[in-house]
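Hello,

Here is the structure I said I would pass on.

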Amino acid sequence: MKARYKYGIYPNHIQITKLNQLFGCCRYVWNQSLAYCNQLYVDGQKKPSYVDLTKEFITQAKKELVWLKEVASTPLQQSLKDLDQAYRNFFDSCTGKRKGIKVKPPKFKSRKTKQTARFVGANYKVCQDKIYLPKVGKIKIVWSRKLPAEPSSLTIIKDSANRYFASFVVEINPETLPKTDNSIGIDLGISTFATLSNADQINAPKPLKNNLKKLAKFQRKFPRTEPGSKPIRKT
């Protein structure tokens with residue numbers, strides 16, 4: 001069974017520039033390939049294979065676009081693999097091979113939405129308090145929990161709030177709980193988080209109410225910090 005483990009990472013200003021360049025290149029390869037496939041569909045031709053798209057929009061494109069050489073090749077290849085998988089899901093959904101909610105065709109990516117770049121194999125290294133990415137360097141990472149196994153892939157994520165994360169895919173063995181004949185009913189509430197059928201009650205944690213004083217302290221501190229500085233990020 002595969003599971004995702006997500007951690008916060010904190011690149012410096014130079015690494016942020018390199019990551020944004022990597023995200024832009026992945027987005028460019030995806031959008032150009034998608035536009036090419038859409039035009040072939042209009043012309044009544046079949047969608048090219050992943051290998052053909054790689055030759056056209058990575059290998060050949062690097063000869064004309066120098067800035068594509070400045071980023072790692074693996075995330076660009078993974079971007080085309082994701083596009084190929086998105087098309088397969090769409091076609092399988094149309095033909096009935098894929099059950100469930102109908103899958104929509106792939107869409108163009110925007111720089112205003114979440115940005116991702118995936119590394120696989122030996123293209124990255126996991127260190128004690130940092131992760132190494134080719135052509136980016138060692139990025140600080142905070143391990144909120146331990147990785148249960150060696151990861152098979154690493155996805156770097158930038159969300160709409162300009163926060164950066166590292167998402168690892170690992171293989172885990174889910175724990176099987178022992179069978180029991182006992183059962184209990186749970187009723188979720190508002191003032192009381194849950195009431196059990198045996199009359200036990202679980203109070204709501206109320207994290208906001210317990211941290212209102214701390215929140216007010218940081219709200220007073222925030223306007224006094226310099227925009228774009230390291231203290232304002234911490235605040």
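The notes below go through the sheets, a helix residue, a surface patch and the salt bridges.

Please keep in mind that this is a predicted model.

**The seven-stranded sheet**

The sheet to begin with is an open one of 7 strands, in the order E2-E6-E7-E1-E5-E4-E3, with antiparallel pairing. Its edge strands are E2 (115–120) and E3 (125–126), each of which pairs on one side only. Helix H1, residues 13–42, packs on this sheet and touches E2, E4 (130–133), E5, E6 (153–158) and E7 (164–171). The direction of H1 makes about 90° with that of E2.

Strand E1 (residues 2–10) and strand E5 (residues 137–142) run antiparallel and are joined by 3 bridges. Among them, tyrosine 10 has lysine 140 of E5 as its bridge partner, and glycine 8 has valine 142 of E5.

E5 is also joined to E4, by 4 bridges, and these two strands run antiparallel. In this pairing, isoleucine 131 stands opposite isoleucine 139 in E5. E4 and E5 form a hairpin with 3 residues between them. If you look at the turn, lysine 135 has a positive phi of about 65°.

E9 and E10 run antiparallel and are joined by 3 bridges; alanine 194 has isoleucine 202 in E10 as its bridge partner.

Isoleucine 202 also belongs to a nonpolar surface patch of about 500 Å², which is made by Ile184, Ile186, Leu188, Phe193 and Ile202. Of these residues, phenylalanine 193 lies in strand E9, residues 192–196.

Threonine 74 is in helix H3, which covers residues 73–95. Its relative accessibility is 10%, so threonine 74 counts as buried. Which residues does threonine 74 touch, leaving aside those up to four places away in sequence? They are Arg118, Phe119, Val120 and Asn123.

Aspartate 82 counts as partly exposed because its relative accessibility is 31%.

**The other salt bridges**

The count of salt bridges comes to 4. Another of them pairs aspartate 84 with arginine 88, with 3.4 Å between the closest N and O atoms. Both residues are in helix H3; they are 4 residues apart, which means that about one helical turn separates aspartate 84 and arginine 88. Aspartate 84 is buried because its relative accessible area is 14%, whereas arginine 88, at 44% relative accessibility, counts as partly exposed.

Arginine 163 and aspartate 159 also meet in a salt bridge through their side chains, at 2.8 Å from N to O. Here arginine 163 counts as partly exposed because its relative accessibility is 49%. Aspartate 159, at 14% relative accessibility, counts as buried.

Regards

Definitions and conventions
Residues are numbered from 1 along each chain as its sequence is written. This is a predicted model: local features need pLDDT of at least 70, side-chain atom pairs count only at pLDDT 80 or more; totals for chains, interfaces and linings use all residues. Side-chain values use heavy atoms; hydrogens and water are left out. Two strands pair if DSSP finds at least two bridges between them. Contact means heavy atoms within 4.5 Å. Axes are lines fitted to C-alpha atoms, for helices over the stretch in contact, and angles run from 0 to 180 degrees between N-to-C directions. Buried means under 20% relative accessible area, exposed over 50%, partly exposed in between (1.4 Å probe, protein chains only). Patches are made of residues with over 30% relative accessible area and no salt bridge: like charges are joined within 9 Å, nonpolar side chains (Val, Leu, Ile, Met, Phe, Trp, Tyr) within 5 Å. Accessible areas come from the Shrake-Rupley method with a 1.4 Å probe; for residues, only the protein chains shown count as cover.
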